[in-house]
Amino acid sequence: MQRQRMQDETRISNLAEIENAVYQYVQIHDGSLPPALSDLILVEGTTQDPITGQPYRYEITDATSFRLCATFTTSNRERTPETVPYGYGNPWLHDAGETCFQRSTDPYLPSRDAPVKPLPL
């Protein structure tokens with residue numbers, strides 16, 4: 001079970017890296033979402049499941065929103081220190097099986113009147 005949780009933590013870490021890369025892309029490309037994960041600058045292997053090798057699913061849901069999907073082996077809804085990796089917490093709660101996370105780029109859109117907000121770490 002511990003090994004499966006660690007694999008799920010890697011999935012969450014990958015999704016968080018993808019999410020941050022999408023936000024960076026949006027800031028650089030005048031608010032436009034990347035058409036595909038291949039348009040992002042990421043470490044090789046980040047866009048695919050570490051065990052199955054299948055790509056994570058990325059879907060644009062509207063002009064400022066997107067969805068990231070992965071298939072998890074375990075659930076982290078118990079939210080104990082052992083099941084939720086440090087630093088990720090609530091935004092990445094999931095059950096076992098396929099889970100999709102809806103994200104919005106609204107807070108990261110460039111504004112002509114205000115400085116660009118820093119990306120979350």
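Where does Thr105 lie relative to strand 3? Thr105 lies in the segment after strand 3. The model is predicted. Its chain has a mean pLDDT of 84, and 79% of the residues reach 70 or more.

**Confidence**
- Residues 111-118 have a pLDDT below 50.
- Beyond near neighbours in sequence, that stretch has five contacts in the model.
- Where pLDDT is low, predicted coordinates should not be read in detail.

**Nonpolar core**
- The largest nonpolar core holds 20 residues.
- Leu15, Ile18 and Val22 have the most contacts inside this core.
- Helix 1 (2-28) and strand 2 each supply at least two of the core residues.
- Helix 1 gives the largest share, with nine residues.
- Leu15 touches Tyr56, Leu68, Ala70, Phe72, Trp92 and Phe101, leaving out residues up to four places away in sequence.

**Disulfide**
- The structure has one disulfide.
- This bond joins Cys69 to Cys100, with an S to S distance of 2.0 Å.
- The torsion about the S-S bond of Cys69 and Cys100 is about 110°, so the disulfide is right-handed.
- Cys69 sits in strand 2 and Cys100 in strand 3, so the pair ties together parts 31 residues apart in sequence.
- The two cysteines fall into separate burial classes: Cys69 is buried at 2% relative accessibility, whereas Cys100 is partly exposed at 33%.
- Cys69 counts as buried because its 2% is under the 20% cut-off.

**Aromatic rings**
- There are four aromatic pairs in the structure.
- One of them is Tyr58 with Phe66, a tilted pair.
- The ring centres of Tyr58 and Phe66 are 5.9 Å apart, with 45° between the planes.
- Tyr58 and Phe66 are both buried.

**Thr105**
- Thr105 is buried, at a relative accessible area of 0%.
- Its contacts, leaving aside neighbours within four places in sequence, are Val22, Tyr23, Val26, Leu33, Thr64 and Phe66.
- Thr105 and Gln24 are 81 residues apart along the chain, and their C-alpha atoms are separated by 9.9 Å.

**Thr74**
- Thr74 is in the loop between strand 2 (65-72) and strand 3 (97-104).
- Thr74 is buried, with a relative accessible area of 7%.
- The side chains of Thr74 and Asp8 make a polar contact of 2.6 Å.
- Not counting residues up to four places away in sequence, Thr74 touches Met1, Gln4, Arg5, Asp8, His94, Asp95 and Ala96.

**Asp30**
- Asp30 is in the loop between helix 1 and strand 1 (57-62).
- The phi of Asp30 is positive, about 55°, although this residue is not a glycine.
- Asp30 counts as exposed, at 57% relative accessibility.
- The exposed label applies because 57% is over the 50% cut-off.

Methods:
Residues are numbered from 1 along each chain as its sequence is written. This is a predicted model: local features need pLDDT of at least 70, side-chain atom pairs count only at pLDDT 80 or more; totals for chains, interfaces and linings use all residues. Side-chain values use heavy atoms; hydrogens and water are left out. Helices (H or I, at least four residues) and strands (E, at least two) are DSSP runs, numbered from the N terminus. Buried means under 20% relative accessible area, exposed over 50%, partly exposed in between (1.4 Å probe, protein chains only). A polar contact is a pair of N or O atoms within 3.5 Å; within protein, one must be able to donate a hydrogen and the other to accept it, and residues adjacent in sequence count only if both atoms are side-chain atoms. Contact means heavy atoms within 4.5 Å. A disulfide is a pair of cysteine sulfur atoms within 2.5 Å. pLDDT is the predictor's confidence in each residue, from 0 to 100. A nonpolar core is a set of buried Ala, Val, Leu, Ile, Met, Phe, Trp, Tyr and Cys residues joined through side-chain atoms within 4.5 Å. Rings of Phe, Tyr and Trp (its six-membered ring) pair if their centres lie within 6.5 Å; planes under 30 degrees apart count as stacked, over 60 as edge-to-face and the rest as tilted.
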